[in-house]
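I am opening a page for this chain and will note what I looked up, entry by entry.

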Amino acid sequence: MRRLLAWRMKFHLLGAFVVSVGCVTLYKFGIAEPRKRAYAEFYKNHDLMKDFEAMKAAGVLECAPPK
């Protein structure tokens, strides 16, 4: 029973570190990178003036009433 707490503490700290690094890696490659690619793809072909004209025609903008 000697040094049982110290051994278990090292084991649990190492396990917690491995699990946290795994979670960060899964988040980065499973959520963050695909989201970045999706935003980049959206804004690569995005036409701001077309959106502005559509919102203006729908009457969404108070500063630019529809004609």
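**Aromatic side chains**

I looked up tryptophan 7 and phenylalanine 11 and found both exposed; exposed stands for over 50% relative accessible area, buried for under 20%, and partly exposed for what lies in between (1.4 Å probe, protein chains only). The model is a predicted one, in which local features need pLDDT of at least 70 and side-chain atom pairs count only at pLDDT 80 or more, while totals for chains, interfaces and linings use all residues. I number residues from 1 along each chain as its sequence is written, and side-chain values use heavy atoms, with hydrogens and water left out.

I then asked how many aromatic pairs there are. The rule pairs rings of Phe, Tyr and Trp (its six-membered ring) when their centres lie within 6.5 Å; planes under 30 degrees apart are stacked, over 60 edge-to-face, and the rest tilted. The count is 2 aromatic pairs. Tryptophan 7 and phenylalanine 11 make a stacked pair, with 5.7 Å from centre to centre and 5 degrees between the planes. These two residues are about one helical turn from each other because they sit 4 residues apart in helix α1. Phenylalanine 42 and tyrosine 43 make an edge-to-face pair, at 4.9 Å centre to centre and 80 degrees between the planes. I noted phenylalanine 42 as partly exposed at 45% relative accessible area, and tyrosine 43 as exposed at 52%.

**The helix**

Helices here are DSSP runs (H or I, at least four residues; strands are E, at least two), numbered from the N terminus. I checked the length of α1: its 41 residues at 1.5 Å a residue should span 60 Å, and the end C-alpha atoms are 58 Å apart, which agrees. The expected span is 1.5 Å times one less than the number of residues. I also found a kink of about 35 degrees in α1, centred on lysine 28. The bend at a residue is taken as the angle between axes fitted to the seven residues ending there and the seven starting there.

**Before the helix**

Methionine 1 is in the segment before α1, which runs 4-44. I list methionine 1 as exposed because its relative accessible area is 89%. Arginine 3 is placed in the segment before α1 too, and is exposed at 68% relative accessibility. I marked its phi, which is positive at about 60 degrees although arginine 3 is not a glycine. Most residues other than glycine have a negative phi.

**Salt bridges**

Which salt bridges involve glutamate 33? I counted a salt bridge where a side-chain nitrogen of Lys or Arg is within 4 Å of a carboxyl oxygen of Asp or Glu. The total is 3 salt bridges. Lysine 28 bridges to glutamate 33, with the closest N and O atoms 2.9 Å apart. Lysine 36 meets glutamate 33 at 3.6 Å, N to O; both lie in helix α1, 3 residues apart, about one turn of the helix. Lysine 28 is partly exposed at 36%, and lysine 36 is exposed at 52%.

Glutamate 41 and lysine 44 form a salt bridge at 3.3 Å, N to O. They also lie 3 residues apart in helix α1, about one turn of the helix. Glutamate 41 is partly exposed at 42%, whereas lysine 44 is exposed at 60%. Shared partners join Lys28, Glu33 and Lys36 into one network of salt bridges.
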